[in-house]
Amino acid sequence: MFVKVCGLRTAEDVDAAVAAGADAVGFVFAPSPRLVGQDLARELAARVPASVLTVGVFRRQPLEEVRSLVEASGVRAVQFHGDEPRSFYEAFPGHVLIRASGEVVDHGAMGEDLLLLDAPVPGEGVAWEWKAPGHGRKWLLAGGLTPGNVAEAVRATRPWGVDVSSGVEISRGVKSPDLIRRFVETAKAAQGVPWTRPGDA
Ligand SMILES: O=C(O)c1ccccc1NCC(=O)[C@H](O)[C@H](O)COP(=O)(O)O
């Protein structure tokens, strides 16, 4: 089970996610209480070992802004949460590409490596009627996941991975190392599909 912890803003958050065994950590560059700037993101990304994927999260931002933040922060993956066109995905060869969507879409149509099925409004901690996209490709489940419900969500939908933000916070935008540890532990123990590196077939 691939586990991404999103919306990290402090060195303690990052260290907790890495120590817990997260496979990816996300830095939000879109308007959000979890927004980080390029310098902080670069500092935080530098703490992350190469085995853990660093993800820059964007929503409805101009391509030049995205490009500049990706380059300056050094993140290795780019996650789009709006209706960004294919040209946005094509602008980042060599990066892992994550396409987030609030509905089941044609996986691969944008050239993405991973599809992230999320609530209609991201990062709000709202659980939706979780369902699988109905194809054999790699996808991540997100939206209102917590240490208390992630096992049930995984059992119901059998994703390749999961993504969390609000469910590991003690207040909006403030992560809890203990909740991060509990979430990663529970998700890893849940019965998902076998882990392989994102981008591989
Ligand atoms: O987290 C945000 O505030 C955010 C803002 C704008 C675009 C994306 C955002 N988050 C993306 C994520 O990957 C979240 O982890 C995902 O939506 C799940 O969030 P949650 O339901 O709070 O666990």
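**A loop and its surroundings**

Author: Arg-158 sits in the loop that links helix H5 (150-157) to strand S8. Helices (H or I, at least four residues) and strands (E, at least two) are DSSP runs, numbered from the N terminus. Before going on, please keep in mind that this is a predicted model, where local features need pLDDT of at least 70 and side-chain atom pairs pLDDT 80 or more, while totals for chains, interfaces and linings use all residues. Residues are numbered from 1 along each chain as its sequence is written, and side-chain values use heavy atoms, leaving out hydrogens and water.

Most residues other than glycine have a negative phi. Arg-158 is partly exposed, with a relative accessible area of 41%; here buried means under 20%, exposed over 50% and partly exposed in between, using a 1.4 Å probe and protein chains only. Arg-60 also has a positive phi, near 55 degrees. Arg-60 lies in the loop between strand S3 (53-58) and helix H3 (63-73), and is exposed at 58% relative accessible area.

Leaving out residues up to four places away in sequence, Ser-166 touches Arg-34, Gly-123, Glu-124, Gly-125 and Arg-172, where contact means heavy atoms within 4.5 Å.

Val-162 is among the residues with the most contacts inside the largest nonpolar core, which has 51 residues. Such a core is a set of buried Ala, Val, Leu, Ile, Met, Phe, Trp, Tyr and Cys residues joined through side-chain atoms within 4.5 Å. Helix H6 (residues 177-189) gives the largest share of this core, five residues. Apart from it lies another core of 17 residues, Trp-160 among them. Beyond four places away in sequence, the partners of Val-162 include Phe-2, Leu-141 and Phe-183.

Stepping back, the protein chain has six helices and ten strands, and 53% of its 201 residues are buried.
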